[in-house]
Amino acid sequence: MNAPIKKIYITTTILLLAFLQTALVAQQSDYQIQQNFSAELSELTQRIDTTQSPGELAKLEIELDELRSRYAEHEELINAALYPETYQKRMNETEEQLSVALDNASVIDQLNSRITSLVGEIDAYRSQITDLNENTQALREQLQRAESNEERQAALLTQYRQSLEERNSFVSGFLQNLMSRYQNVDLGTQQEIAEAAERLDDNPIEILKSIILDYINIVDESTSLETPDYVAMRAQHEYFSEVWNSIGSNLVNTFSPENSSETKTEIDELMAAWVLSVDNQLWESLNDTFSQNGIDLEVFTTPDEFYDAIYNYVDNGHVTSLERNSEEDFAVYQNFSTFWNETVKAEWGDMLIEGEILSQSQISEIDIKLNDWEEASKPTSNLMFILLIVSVAVIVGLIVLLITKKN
Amino acid sequence: MHLYTLTNSNNNFRMIIMKPMKFLKLPALLAFMLLLTGCGSSLVLENVDYSQPLESVLSPDSDGVVHDQRYAIQFNITPLLEYEGTDSVEEIRLIRNTPGFYFVTADGFSNVYIFSPGEGELSLHEEVELPDGPISEPAFNQRTTHIELINQSSGQTYNLDQNGIR
């Protein structure tokens, strides 16, 4: 095909295509255009209503743009068909609907991410607490088997205590994490998390329940623990209790919104059972420890009774010292003072306060009374009295000598 | 010339086919018209645009009545169907041009009927026979100077005004 013929061929083709396009445009029914517009827009709005994925909504946004560009030239026609509504109004409404749907999808997306993250964290906590429990359990069993070997038992007990401390530390971290997240969480966020949390198999409340049950189990089944261990446990309970009082309501509203009060009561009861288990061991152990150190206290089964028992012991010692001021009383004072200062205050002091077994002011009051006892119990010296007698005798002798010389 | 009229009497429309009438003598007619004009109001609003931007697609009810709520018109198409020689239609296409004439057709019609509105009636102003035979999937479009009729299945278009195909 030579060049001029080719040129004519191309020109003819272009003209033919242009004619066909014109013909096609001319064949459009105005009525059908507006019908198609309404149908397409309606279908699009329905899809926007039912789509939740941000990705799918982004595709619909493109489709809406395409629809707008396709029908923009027919705006006047569509306005006539839609009167009193307008093409722009319909498009703006759909864009607004899409914008709201995108916002909602974004919130849902964030919630899904939050849930995924929450599930991951809960799994990690569950896994770690299980490992710690297994380790503690294994050590407890080894302790029971090593009863005949004191040296080995001592080593195992040290490990066991370390394991309990590690567990306490981990639980405290978990509680701290919960505090930071849920202490000031607003109602809207609670509801959002609650909706998402319905899909969780496990949640922080369930973990808290199992942690408390594990604590009760440790207290009830451990036979090798001593007073400092129980004091530490009570301190841990009080910290747990403080956190629970602070975030318990928010947690149950978030993770158990349908029966929040029942769930809160259930945890409260578990907390009470835990402290009861600790106290059952603690008071007996404290009494034994004081007794083993030569300090026989009155019977006590509550923190107030414990304080009264110590205070009365010191007060009675003080009164006795005032009355007798014997070496024996001073020895009693010294024994108590040493145990009180070097063991009770130095080793257990912080945990006694944290566990609300003794308050700082109660410790101070005992200290004051102990000072009084010290003063009263110190043996009084006769040297001054003897010197006074001697002085008086010398003076009397000198006077007698002077009178004798004069005479 | 025959005069066909779609009228509304007691909610029933009927087509009256009037027989050829004898024309009055022209001078007498002019005098009569002048008399009528002189007796009536002289106020005339001009350049009225009656055009419907979009055709109406109307389905007749069981009595053959079509009702266009948007443009507020209702009439019975039974006489029209009889005239066209068909029993029934699913829907009719109706559009009004700028001077105020109504264009009516339907799928399978061989004609476009152009009516002028009167007092409680539509009078057939022009019957336009389509040159390519019965129309399939017709659609009217309002254009600036005319009404466009499309055969949507063949793509054939006709430009119409109240006097017929242009």
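User: What should I know about the model and its numbering before reading the values?
Analyst: This is a predicted model in which local features need pLDDT of at least 70 and side-chain atom pairs count only at pLDDT 80 or more, while totals for chains, interfaces and linings use all residues. Residues are numbered from 1 along each chain as its sequence is written, chains are lettered from A and ligands numbered from 1 in the order in which they are written, and side-chain values use heavy atoms, with hydrogens and water left out.

User: Why is His237(A) called buried?
Analyst: Buried means under 20% relative accessible area, exposed over 50%, and partly exposed in between, with a 1.4 Å probe and protein chains only. His237(A) has a relative accessible area of 5%, and therefore counts as buried. His237(A) lies in helix H9 of chain A, where helices (H or I, at least four residues) and strands (E, at least two) are DSSP runs numbered from the N terminus.

User: Which residues does His237(A) touch?
Analyst: Leaving aside residues up to four places away in sequence, His237(A) touches Met271(A), Trp274(A) and Val275(A), a contact being heavy atoms within 4.5 Å.

User: Why is Val390(A) called partly exposed?
Analyst: The relative accessible area of Val390(A) is 44%, so this residue is partly exposed. Val390(A) belongs to helix H14 (residues 383–406) of chain A.

User: How do you know that the span of helix H8 of chain A is close to the expected one?
Analyst: The expected span is 1.5 Å times one less than the number of residues. Helix H8 (residues 204–221) of chain A has 18 residues and reaches 25 Å from its first C-alpha to its last, close to the expected 26 Å. The buried residues of H8(A), among them Ile205(A), Leu208(A) and Tyr215(A), pack against helix H5 (87–145), helix H6 (150–182), helix H9 (227–255) and helix H10 (260–292) of chain A.

User: What makes S10 and S13 of chain B edge strands?
Analyst: Two strands pair if DSSP finds at least two bridges between them. In chain B, 4 strands form an open sheet in the order S10-S11-S12-S13, with antiparallel pairing. Strand S10 (138–142) and strand S13 (164–165) of chain B each pair on one side only, and are the edge strands.

User: How do you know that S10(B) and S11(B) pair?
Analyst: S10(B) and strand S11 (residues 147–151) of chain B are joined over 5 bridges in the antiparallel sense, and Asn141(B) stands opposite Glu148(B) in S11(B).
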